[in-house]
Amino acid sequence: MCYDISMLITKLDGESEPFEPRKLYESLLRAGASDSEAHDIVSLIEKKVTEGMTTTNIYRYALRLLRKMSRAPVAARYSLRRAVLDLGPSGYPFEQLLGEMFRLKGYNTTVGTTLQGRCISHEVDIVARKERELILVEAKFHNAQGFKTDVKVAMYVYARMIDLRDNHYDGLCPTGGTCSSWLVTNTKFTENAIKYGKCTGMRLIGWGYPNEGNLQNLIEETKLHPLSCLTTLTQKERESMYQRGYVLCKDVTEDPNVLENAGVTGSKVDKVLQEAHRLCI
């Protein structure tokens, strides 16, 4: 399949870029749409795209078409990036998501703790330990795609690692093992932040960065879809569940009672559970 690239569209940061139907097509396939569904949606959107149209409007139109043409879990997977953004306004649900991600990969995890460095104490979002490995994670959450994590944040995380390293990571670093610091964001990094990360050897993970092992890959690999992916839940219902410490779709599938505790009742419970089960498969 060959698509032409000619129209300029507007990104969230205000910059222009060519509209690439191929990227839209591939994102629809990755969400689980069939080849014919993805092709039909791209064809319809190509007719609607005008010079300067925002990526947000294109996304919303694609999602609306996907909900009409395909199964509910496909639309939910396509909205994954927006769903992660909707984990706010605080960053704690995002930290819980990352903590569970490390746990599924075999790490013992602690979300939100304070460690003593050589000079000062430091708040660490996630501490992940496994055998002879220690990872300290700084989770940088943004409510909008247009915000990027800049080099100042990367420099802070690296300086913190040095201070903790000089105090043997408050006794957590295993003897003869490896200890590292990661910076994880749900959006993107500035160019200088990426350069600094490469120069210092610090692991940076964002949405779409690096090409492999990025945040989207990790969520899809572990099937840790946030509750905000569920199209059958209202924002008020999701926020009620966040307040009770429930962040993930699997929280619903493992204990359906959390729905009723959050005010979801009647036949809607079955609809939410059905979507959650399909999404977590």
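Colleague: Which residue forms a salt bridge with E191, and how far apart are the closest N and O atoms?

Modeller: Keep in mind that this is a predicted model. Here E191 pairs with K195, and their closest N and O atoms are 3.5 Å apart. The two residues sit four apart in helix α8, so about one helical turn separates them.

Colleague: Is E191 buried or exposed?

Modeller: Exposed, because its relative accessibility is 57% and the cut-off is over 50%. K195 is partly exposed, at 48%.

Colleague: Okay, and where do E237 and K268 lie?

Modeller: Their side chains meet in a salt bridge, 2.9 Å from N to O. This one links distant parts of the chain: E237 is in helix α10 and K268 in helix α13, 31 residues apart. E237 is buried at 13% relative accessibility, while K268 is partly exposed at 25%.

Colleague: What about K250 and E254, which helix holds them?

Modeller: Both lie in helix α11, four residues apart, and their closest N and O atoms are 3.4 Å apart. K250 is buried at 17%, whereas E254 is exposed at 58%.

Colleague: Now helix packing. What describes two packed helices?

Modeller: The angle between their axes and the distance between those axes. For α7 and α8, the angle is about 25° and the axes are 8 Å apart. That makes them roughly parallel, and their crossing is right-handed.

Colleague: Which residues meet there?

Modeller: V151, A154, M155 and Y158 from α7 meet N192, A193, Y196 and T200 from α8. By class, that gives six nonpolar, two polar and no charged residues.

Methods: Residues are numbered from 1 along each chain as its sequence is written. This is a predicted model: local features need pLDDT of at least 70, side-chain atom pairs count only at pLDDT 80 or more; totals for chains, interfaces and linings use all residues. Side-chain values use heavy atoms; hydrogens and water are left out. Axes are lines fitted to C-alpha atoms, for helices over the stretch in contact, and angles run from 0 to 180 degrees between N-to-C directions. Angles under 35 degrees count as roughly parallel, over 145 as roughly antiparallel, 65 to 115 as roughly perpendicular and the rest as oblique. A crossing is left-handed if the near helix is turned anticlockwise from the far one by less than a right angle, and right-handed if clockwise. Contact means heavy atoms within 4.5 Å. Ala, Val, Leu, Ile, Met, Phe, Trp, Tyr, Cys and Pro count as nonpolar, Asp, Glu, Lys and Arg as charged, and the others, Gly among them, as polar. A salt bridge is a side-chain nitrogen of Lys or Arg within 4 Å of a carboxyl oxygen of Asp or Glu. Buried means under 20% relative accessible area, exposed over 50%, partly exposed in between (1.4 Å probe, protein chains only).
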